[in-house]
Amino acid sequence: MKKKILIIEDNEDIRDSSVEILELAGYEVLQADNGKIGVELAQQHIPDMILCDIMMPELDGYGVLYLLSKNRETSNIPFIFLTAKAERADMRKGMDMGADDYLTKPFDDMELLNTIESRFQKKEKIEAFYSKSFESLQLLTNQNQGQGLDELKKIIADRKVKQVRKKQIIYYESDAITGIYLILSGRVKAVKLSEDGRELVTGMYGPDEYLGIQAMLSGDHYNETTEAVDDTTICLLPKDTVKQLLDTYTDIGQKFIKVLSSNLIEKEEQLLQLAYHSVRKRMAEILIRLAKQQNTSENSEAQIRISREDLASMAGMATETVSRTLSDFKDEGIIEKKGSVIDIIDFSKLHKMKN
């Protein structure tokens, strides 16, 4: 079947030329000259992708994206903004709202086709994570409770899967809670800022781990800032849905509390390290912890990718101290280091330092 693309653009020349190119490339194309008509067509036909201008009469591109994100059937359609060069500064707003990509006008035929093909390929890769995300969610409930599993399946059906670029903020400390995030791929760091602006990395999270559980269970705002360390894929479990599950199924709440308890224990250990442990011992403990997050066997070598600045923030050290300590570890045959990649080649020496 032909993939269906909806283009919402008030400039007739751009719209007509784009429609012509897309039809020649084998796509079925729907078109609208304003945002209001575009929303109606999207809800009626459920296209495979939407291309949408930002500045339009009736309803602008931000309004289109907002309305479609509230509809279960249209919330996961890949959405690409069409933007003039003067509007590029506003793209952060669009990406934060959930847009997947953008094209800067004027664009040529190949830019248009390559962007669309690239986005379809990314969507296929994201869908490959769906089964993995279901397996992760399935761990939250007892398999003998069919109702709980059914509810979790609904969450997955309603999920908003998002690609987060490296160094992009997922949420800031004190932001209102939107839900719990499940990491499907990539890595995310959690950060607390001191009054003088210094940064402490309170956690590093990877695939199958959750962000925002503590905030969800304890209040209305996130209590730390989270930032993507690599290009990352995340799945949002909406706040209201999670609350309903927690109220209905006690075993799900117990599993969340177990995850939260584990996170709190790690943070308590981190505070003890900062208060009492030597520089070498702190660095050894952090390297072991980061290796464990990758499910690396301690009988084999492990490879960790992390910046010197993030290591310093996790360990409560100056970056120069991190560099000297890692150089010492390299001289002692414990690690190899190239750029931001650290290869652990002797776990036993790290454990001796830790103990």
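The model is predicted, so local features need pLDDT of at least 70 and side-chain atom pairs count only at pLDDT 80 or more, whereas totals for chains, interfaces and linings use all residues. Residues are numbered from 1 along each chain as its sequence is written, and side-chain values use heavy atoms, with hydrogens and water left out.

Side chains of opposite charge can pair when their charged atoms come close. The structure contains six salt bridges, a salt bridge being a side-chain nitrogen of Lys or Arg within 4 Å of a carboxyl oxygen of Asp or Glu. One of them joins Lys105 to Glu9, with 3.2 Å from N to O. Lys105 belongs to strand β5 (residues 101-105) and Glu9 to the loop between β1 (4-8) and α1 (12-24), so this pair ties together parts that lie 96 residues apart in sequence. Helices (H or I, at least four residues) and strands (E, at least two) are DSSP runs, numbered from the N terminus. Both Lys105 and Glu9 are buried; buried means under 20% relative accessible area, exposed over 50%, and partly exposed in between (1.4 Å probe, protein chains only).

A further salt bridge connects Lys189 with Asp310, whose closest N and O atoms are 2.5 Å apart. Because Lys189 lies in strand β9 (residues 188-193) and Asp310 in helix α12 (residues 308-315), the pair ties together parts 121 residues apart in sequence. Lys189 and Asp310 are both buried.

Arg280 and Glu332 also meet through their side chains in a salt bridge, at 3.0 Å from N to O. This pair links distant parts of the chain, 52 residues apart: Arg280 is in helix α11 (residues 279-293), and Glu332 is in the loop between α13 (319-331) and β15 (335-338). Arg280 is partly exposed, with a relative accessible area of 31%, and Glu332 is partly exposed at 33%. Elsewhere, salt bridges with shared partners join Glu9, Asp53 and Lys105 into one network.

The surface also carries a negative patch, whose members include Asp10, Glu12, Asp33, Glu58 and Asp108. Such patches consist of residues with over 30% relative accessible area and no salt bridge, like charges being joined within 9 Å. The elements that give two or more residues to the negative patch are α1 and α5 (109-128). Helix α1 gives the most, with five residues. Glu20, another member of the patch, has its place in helix α1.

Technical notes
Patches are made of residues with over 30% relative accessible area and no salt bridge: like charges are joined within 9 Å, nonpolar side chains (Val, Leu, Ile, Met, Phe, Trp, Tyr) within 5 Å. Accessible areas come from the Shrake-Rupley method with a 1.4 Å probe; for residues, only the protein chains shown count as cover. Lys and Arg count as positive and Asp and Glu as negative; His and the chain ends are not counted. The place of a charge is taken as NZ of Lys, CZ of Arg, CG of Asp or CD of Glu.
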